[in-house]
Every structure is written in structure tokens, then in C-alpha cells.
Amino acid sequence: MAQAFPDDECFMRLAIEEARIGSVTPGAGEVGCVIVRDGLVLARGHNEAERTFDPTAHAEIVTLRKLGQLLRTTDYRGCTLYCTLQPCSMCTVACVWGKITRIVYGASRDDVHSMYFDSKHLNAIDLVRDAFREDIEITGGVLAGECVAFYYRPGEHPPREEQVNI
């Protein structure tokens, strides 16, 4: 796991703002994401899966799609993805395919209820470590205390209708 840079907290606060927007938008979700290159925010988004009836519309995927439309390419070298929650395997692999340079997240899978992830043991670090690319950096725990406030914690009992992945 890589060390955090000074600007990481600033950009994570923008991802937190996206999570806030998602948490109060009907049908959206409380995961926020921003993508930055050269100190500029190029795209931002939050989870839209329930709103759009699209199980792939996680915050990272929504934001990657916006980035692709802006840049008119699928090569995002030099970009850093900031997300309030550690990316699931789908979102991590999308970052690998998109050639994202860094992934920075706040709350980790150990900080939140298991319903937010697609497997019991596989995590983003494993996927990056096993990818053919060895140039992706992952930094976790940036403003984790603020990020985890959006999610159910381990041992809590979320309402069954909110447990879409279990």
C-alpha cells in the first residue's frame, strides 16, 4: 500500500461531497468518487445503480464513464481515482483496464459491513497485485473516519431491503 500525498485529503473531501449528494438523491447511493489529473478534477460522481436500474453504475464506473466522454479515450494514464469506499472487484478491474495510475480510498472493507462488497475475501489490492500492470498505486484510509460515517459498520444489522448484495 502506497503512502498518501498532501493533496489526497483535499480530493477525498470532494469525493465525500459526492457521497453526500448521493445519500440525499432518490435512488442514488452514498459512495462518492472524483478523478483527478495534474491537480484538476476531471470527473465526479456517486452511485446511481438503483436510480438507473444498472447494477454496474457504481460511483467509480459512473465517474469513469464521465471521464471517457470528456477525454474521448479509454486511456486514463496519469489520473488518480478517489473514492469514499474501497473499490469492489468490478470497479478495480475497470481502473486496471482504464489504466488509472492511482486509486485512493477512504473506508476499507474492514471498516464497513460486508454487504458493500462482492466477495468475502477478494479485495482491490489482490486484483491489482495479480493484474498484468504493475504501475497502479493504491492508497487506503484517507479520511477513513469521515468516509465510514456513510456506511453500516461490521456487526451492525442493516435493514434486509438495503442488503442488495447478500
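This short talk goes from the whole protein chain to one pair of helices, α3 and α4.

Please keep in mind that what we are looking at is a predicted model. The protein chain contains 6 helices and 5 strands, and if you follow the elements from the N terminus onward, they run α-β-β-α-α-β-α-β-α-β-α. Of its 166 residues, 48% count as buried, while the accessible surface comes to about 8700 Å², with 54% of that belonging to carbon and sulfur atoms. If we take the contacts with a separation of 6 or more, residues 24 or more positions apart account for 64% of them.

Now let us turn to the pair. How do the axes of helix α3, residues 59-71, and helix α4, residues 89-97, cross? The two axes come within 9 Å and cross at roughly 25 degrees, and because angles under 35 degrees count as roughly parallel, α3 and α4 are described as roughly parallel to each other. On the α3 side, the residues that meet α4 are Glu 60, Ile 61 and Leu 64, and in α4 their partners are Met 90, Cys 91, Ala 94 and Cys 95. By class, this contact has 6 nonpolar residues, no polar ones and 1 charged one.

Let us stay with α4 for a moment, and ask which of its residues are buried. They are Ser 89, Cys 91, Thr 92, Cys 95 and Val 96. Seen down the axis of α4, these buried residues fall within an arc of 165 degrees, so they line one face of the helix. Finally, α4 is followed by Lys 99, whose phi is positive, near 60 degrees.

How values were computed:
Residues are numbered from 1 along each chain as its sequence is written. This is a predicted model: local features need pLDDT of at least 70, side-chain atom pairs count only at pLDDT 80 or more; totals for chains, interfaces and linings use all residues. Side-chain values use heavy atoms; hydrogens and water are left out. Axes are lines fitted to C-alpha atoms, for helices over the stretch in contact, and angles run from 0 to 180 degrees between N-to-C directions. Helices (H or I, at least four residues) and strands (E, at least two) are DSSP runs, numbered from the N terminus. Angles under 35 degrees count as roughly parallel, over 145 as roughly antiparallel, 65 to 115 as roughly perpendicular and the rest as oblique. Contact means heavy atoms within 4.5 Å. Ala, Val, Leu, Ile, Met, Phe, Trp, Tyr, Cys and Pro count as nonpolar, Asp, Glu, Lys and Arg as charged, and the others, Gly among them, as polar. Buried means under 20% relative accessible area, exposed over 50%, partly exposed in between (1.4 Å probe, protein chains only). The arc is that of the directions from the helix axis to the C-beta atoms. Accessible areas come from the Shrake-Rupley method with a 1.4 Å probe; for residues, only the protein chains shown count as cover.
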